[in-house]
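Have a look at it first, then read on.

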Amino acid sequence: MDWNTIFVTTVKASIGLETVVYALAAIGVNIQFGYAGLLNFGQAAFLGVAAYGMAVTVATFHLPFWLGILIGLAATIVLAFLLGIPTLRLRADYLAIVTIAAAEIVRLIFRSVKFSSVFGGSDGRQNFSGDFFAMNPYSPGTYGIGPISFNERVTWVLTVGWVLIAIACGLVYLLMKSPWGRVLKAIREDEDAVRSLGKNVFSYKMQALVLGGVVGCLGGFLFALGQASVQPDLFSTEFTFYAYTIVILGGAARVFSPVVGAAIFWVLLVFVGNTLSEAVSAGLLPSLFTVNNIGAVRFMLVGLGLMLLLIFRPQGIFGDKREIALDAR
Amino acid sequence: MRRAVIAFTAFLGGLVFLLSSPAWADGEALKGTLQNQGQPVNGVKISVAGEDGKPVGDATTGSDGKWEVPVPEAGTYKVTLDQSTLPQGVGLKFKDRATLNVQVYEGSERNVLFALAPAGQQGGGAAQSSSDSSSFWDRVAQLTFEGFNLGLIIALAAMGLSLVFGTTGLTNFAHGELLTFGAMCAYFFNVVLGIPLVLAAVISVVIGGVFGYTQDRFFWGVLRKRGSSLVAMMIISIGLALFLRYVFLFFFGGEGAPFADYNAQPGIQVGPISAAPKNFIAMGIELAVLVIVGLALLKTRVGKAARAVADNPALAASSGINVDGVIRIIWTVGGAVASLAGVMLGLSQNVSYQMGFQILLLVFAGVTLGGLGTAFGALVGSIVVGLFIQLSTVVVPTELKTVGALLVLILVMLFRPQGILGRRERIG
């Protein structure tokens, strides 16, 4: 067992690209689900259209990078409206089914052969991150403490990512202290009561959906840029489910919980995954476990963890039980 | 929905697709399985030549449609299908793709895919327009048949989902895993233990029922008692679905695999429809089960009680119905029927760990289209969804047919959220 490698990869995972991407996606989910009580199961689609909007603009049509970002943002907002208009008047579980269906539609179109000249089929798109890395202020080399260090490209992506997370958290903090945020939380608690006070519930929900989508889509940009490629299957429904697990793990309706949740989620996932695969190659586990199927075990644990959290501690680590939107129906 | 649904689409659309066998090769070879409408095509000559045109070898497909030509070294080869040896009424889907250039890598066997289609359905050829009017209606008839086939499977799955929703309010995202569970059980008994598939299917239906009962007795029932809210239970069902899916992946592996029986059934022609006998029998069984469950809901005491609970649990309880008992029966029957649906799905495509999840959204589409919580609405809605998916391939590329069905789901939400047979007060 190589504990040193396990330790290093685990510590790196706590601030790595996945943590950043999932934290941003989870901050978006937290706005929608934690504060407004909207069950958006299509968060992956928001990240997907943003990442593809940027990648396709730059790689397929050879337009400037910043235009790509704008188009990605616009695509996210359009998607939010398209999803929200039919479903925000309906019950929570209807929204859940529609958003999950929409996410699959988006993914199927991205990976279809029919549109592969635009979206690149199941291989996705590459060659769009040049302008982003041209802005890199870090000179070539590694940055970090001892073995826990990243090269200049990863350092740049992570810097941007954590700055965006800080901005998003600040925004959520200020918004949720404002009257706007209080209306949102009131909608989560009792829609009819808010409506009877003369607030336009539909409009508030739509704003929450758009805002959550936009915050999440920042994660989509970073995902694409950090990997220097986009593939349709990165944005599967399981992505959304992991984001929900992160929000519930940290505790819904808390500013920092998605960030802490994402870090804990990825630390656990990487730690368990590495420990298990090291244990398999060291022959410490029964022969039932092999290098091929050991990867499945950690996702089993995700499912199990999600179930146990909701059964025994629905408020997560930091949440307040009275503030959980789970009674919305 | 991922790889296997794409494969499923290809299967139903009448393309050839190759079952990659897990056997590891010693030397380089070219191989493939020739299929038309999911049925193997035998006696077709395939020849392989080097890049310079020098012949390397040839092969004739066996009764299972398989062929293999060993090649001396890695490199590019020209693989030619002799079109004159194709059976009557079968042609290449793309006439200009009788010869393919294929790269073989060091130490690996390379699958080669020739897409076949019934004569008259090919694209890319000049001969296409000669008999278009009759072949168009033939195609519609064939697709209608396939649509019913898919719709009935969806309906079997939807029945349980809809009844569970109606009685407990739970939107169960783990319902697809009940299908996978059934298919996996049947696969275990059929392929691993060597029991005939019919018997294996019966066993897996029984086990599926037990699984459904156990889930309710020891999991969902307990959660209901604890007073877990519906949204919490919905997310718990997602956790359960993830957990079960990766348990299946752990034991079964990521590759799809067919059952041992009825794989290579030659197709028969009934009017304009050509399909394997197994499809007709499967549809008969599905229809019979749906009718029996439907009659049981209408005529038996338990069925009436189930509909009463679905209508209004509190009122049903106060009129002396044992609500928990009814819910347990619904879970048992739902589990058994979902298991059967899984076996049927495994029969028409491969068994894979994602099969249930992939069809789950179509089941949701069927259930919402018919009206959430209504048993018969689910039946009608599912068949409409199945038909729509298959018939849409007349205009939409096959790979995007699920997109159409999901769009319909969203449009139903927009214009008639209570579904075809649902009532308006169900939505809040």
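1. Start with a helix pair: α1(A) passes α13(A) in a right-handed crossing (the near helix is turned clockwise from the far one by less than a right angle; helices are DSSP runs of H or I, at least four residues, and strands of E, at least two, numbered from the N terminus). The residues that touch include I6(A) and T9(A) from α1(A), and W266(A) and F271(A) from α13(A); contact asks for C-beta atoms, placed from the backbone, within 7 Å. Seven nonpolar, five polar and one charged residues make up this contact (Ala, Val, Leu, Ile, Met, Phe, Trp, Tyr, Cys and Pro are nonpolar, Asp, Glu, Lys and Arg charged, the others, Gly among them, polar).

2. Keep in mind that this is a predicted model, where local features need pLDDT of at least 70, side-chain atom pairs count only at pLDDT 80 or more, and totals for chains, interfaces and linings use all residues. Residues are numbered from 1 along each chain as its sequence is written, while chains are lettered from A and ligands numbered from 1 in the order written.

3. Chain A as a whole has 14 helices and four strands. Its C-alpha trace spans about 65 × 50 × 40 Å along the principal axes. Among its contacts with a separation of 6 or more, 73% join residues 24 or more positions apart.

4. Now the partner: 38 residues of chain B are in contact with 41 residues of chain A. On chain B's side, α5(B) gives the most, with 15 residues. That side has 29 nonpolar, seven polar and two charged residues.

Key. Two residues are in contact if their C-beta atoms, placed from the backbone, lie within 7 Å.
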